[in-house]
Amino acid sequence: MDEVPMIQLLNPEGERVSNSEYESSLSAAEILGLYRDMAIIRRLCNEATSLQRQGQLALWAPVQGQEAAQIGAGHALLPNDFTFPSYREHGIAWKRGIPPLDWLRLFRGVTMGGWDPLQYRHSNPTIVIGNQALNAVGYAMGIQRDGADEAVMTFFGDGGSSQGDIHEACVFAGVFNAPVVFFIQNNHWAISEPTTRQSRIPLFHRASGYGFPGVRVDGNDVLAVYEVTKRALDNARSGNGPSLIEAFTYRMGAHTTSDDPTRYRLEAELETWRHRDPLERVKSYLVRTHGEPQSTFDEIAADADHMALDLREGLLSLPDPAPLSMFDHVYTEPHPLIEAGRRELIDLGFGGEQ
Amino acid sequence: MTTENLTMAKAINEGLRRAMEKDPKVLLMGEDIGKLGGVFRVTDGLQKDFGELRVVDAPLAESGIVGAAVGLAMRGYRPVCEIQFDGFVYPAFDQIVSQVAKQHARSGGVYKMALVIRIPFEGGIGAIEHHSESPESYFAHTAGLRVYSPTNAYDAYWMIQEAIASDDPVIFCEPKSRYWEKAEVDRETPARPATEAQIRRAGSDVTVVTYGASVKTCLRAAQAAEGEGRQLEVIDLRSISPVDYPTLAASVEKTGRVVVVSEAPPVASVAGDIAATLSEMCFYSLRAPIVRVSGYHVPYPPSRIEEEYLPNVDRILDAVDRVMECES
């Protein structure tokens, strides 16, 4: 499946390549901005992994290797668009302006969500694989009814593509022509299972079965991901319906901090993908084509280090939620079992200071 | 004229219509609910009057219907999903339990899951497999959901509107064997809130707690028992979750005896939970163990033998005998 052609505008060597359908519209300054985004989330992600190893997070789902897919896609969103992530979309969360500390709350075990989804127009992490795609389509059906020129984008992986909910979401989106973009990050591994265990055909081919366009993009090429996603979102916003993007990328790290990829994949494969690193190619391009000095990259790394330190400090000072908060927002209206549970915890002395 | 004699199916239809007239955010989604008006005709005529954007014939995919309703609710809509039959709700079970029930809490109260999932439930209509089930216990077990069940046209007209107006998600279980029974519907005087159980017949000897299609069966049993000099107090829960325990407990304190009746299989059921809770709440008032009359622990049987499966007057009277014979 590696041989299937895909949209690429910047090759792994950092050279611009031409494509008959897409052209990069980004200035050097914007490309540098995307590099900065990718460098920051990679650094923050490493920090989160360390925090998990030090017992400060219950779990972490690293994004390494998928930075271009997420930053490129996230950059194409307009403020009024709405996104429905799985649990690994830290790059999208960053592009939606959600403070990094909020990404970690769920993994720390202090909340089930982390941020106000309506404020950032980025829904909660969804851990049940595939559920979010149907919610995204429903939201998009609401946009249609409101007559708004907004788009929805939902994220899932090659593993998620096997779920029935993804199928139903594509059926609904297709027949209702909903303004939604299905963004698959094919990172090649669903924990220990390779993509060949999910599909006999390239995943983007599935779109044709639902009657809308599908495209494979080099998911490690931030320039290409941006252009492909921008066009898909433009189409959705202007009433041209849904589409599917398969970002061909690779999960360089473990599935989560609880995983051990050495049990199921070969070092040689990892090595191949190291040469396709999403950050290195942008750096090479900016240095070679635009003469960007090393100091620029050093400054970005220093900024990222600062943010990582802030993130660490923020996390370590996060208070545990009050026990009674488990009863909050279960219902909007009074409920006798909520009252009874709350009363019991208070009687047992777990009511806190209130 | 504000009062009219309507079937329960028609009363729900009119309740839906009134909710849609009052709030443009209310929309219906389900299989065959448009031109056909639903297999039970509960949505008859609504697509014609409100259009295809508000009465949506959905693809034949229950998880899709509920999952899309979740997204519509996030956008501020108030979707009312129709699941065609009880036994077809399970493909949507994941969305109901994982998203519908939890999104309000997960989002810190930001998302309102103001949606209703209507399910024609219970048996007694001579149907084939998967058309006669009682899945309410699964939903009652799930925090974040409310489970309501109307048993007459007047309640149905008002309770569906109450469910739609609620910001909490409501699983609305409609006893399909009672769809065609008529009652006077007063369109001006709202029914009592769904969370209040209603005493359908007052009595001093035994408290009969029930819901759904069994309410009518219990009222028949109460009539028969009267001939034997026994006064049954029949209580219609209306809200299966939460249960109105103050009303039940007040009755039990008076009678000291309880029979719980529903069609669902008995293990880990609403009826079982009511028996346990009342035992705890009313231990010193009880004069006999609480007895359940329910379906059996079998898959819902072929319709030719469903009468032997469903709680009937004889089985209810037998349970009444058992609690009455117990002297303490």
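Helix α13 of chain A comprises the 12 residues 336–347, and at 1.5 Å a residue these should span 16 Å; the end C-alpha atoms lie 16 Å apart, in agreement. The expected span is 1.5 Å times one less than the number of residues in the helix. Helices (H or I, at least four residues) and strands (E, at least two) are DSSP runs, numbered from the N terminus. Just after α13(A), Gly349(A) adopts a positive phi of about 90 degrees.

The model is predicted: local features require pLDDT of at least 70, side-chain atom pairs are counted only at pLDDT 80 or more, and totals for chains, interfaces and linings use all residues. Residues are numbered from 1 along each chain as its sequence is written, chains are lettered from A and ligands numbered from 1 in the order in which they are written, and side-chain values use heavy atoms, with hydrogens and water left out.

Chain A is assigned domain 1 (28–321) and domain 2 (323–354). Such bounds come from an automatic or database domain assignment. Taken over C-alpha atoms, the centres of the two domains of chain A are separated by 36 Å. Within this chain, Arg216(A) and Glu246(A) form a salt bridge, with the closest N and O atoms 3.1 Å apart. Arg216(A) belongs to strand β6 (residues 214–218) and Glu246(A) to strand β7 (residues 243–248) of chain A, so the pair ties together parts 30 residues apart in sequence. A salt bridge is defined as a side-chain nitrogen of Lys or Arg within 4 Å of a carboxyl oxygen of Asp or Glu. Over all chains, the structure holds 42 salt bridges.

The interface between the chains was examined next. In chain A, 40 residues are in contact (heavy atoms within 4.5 Å) with 44 residues of chain B. About 3300 Å² is buried between the chains, and carbon and sulfur atoms give 56% of it. Buried area is the accessible area (1.4 Å probe) that two parts lose on being put together, summed over both. Arg145(A), His329(A) and Tyr331(A) supply 19% of the area that chain A buries against chain B, more than any other three residues.

Three salt bridges are counted between chain A and chain B. Arg75(B) pairs with Glu150(A) in a salt bridge whose closest N and O atoms are 2.7 Å apart. On the side of chain A that touches chain B, two or more residues come from each of β1 (82–84), α5 (117–120), α6 (131–146) and α7 (164–176). The largest share, 10 residues, comes from α6(A).

Chain B is assigned domain 1 (3–186) and domain 2 (198–325). Their C-alpha centres lie 26 Å apart. In chain B, 25 residues of domain 1 are in contact with 22 residues of domain 2. The area buried between these domains is about 1900 Å², with 47% given by carbon and sulfur atoms. In domain 1 of chain B, Glu122(B), Thr151(B) and Arg178(B) lose the most area to domain 2, together 23% of what that side buries. Three salt bridges are found across this domain interface. Asp155(B) and Arg238(B) form a salt bridge, their closest N and O atoms being 2.8 Å apart.
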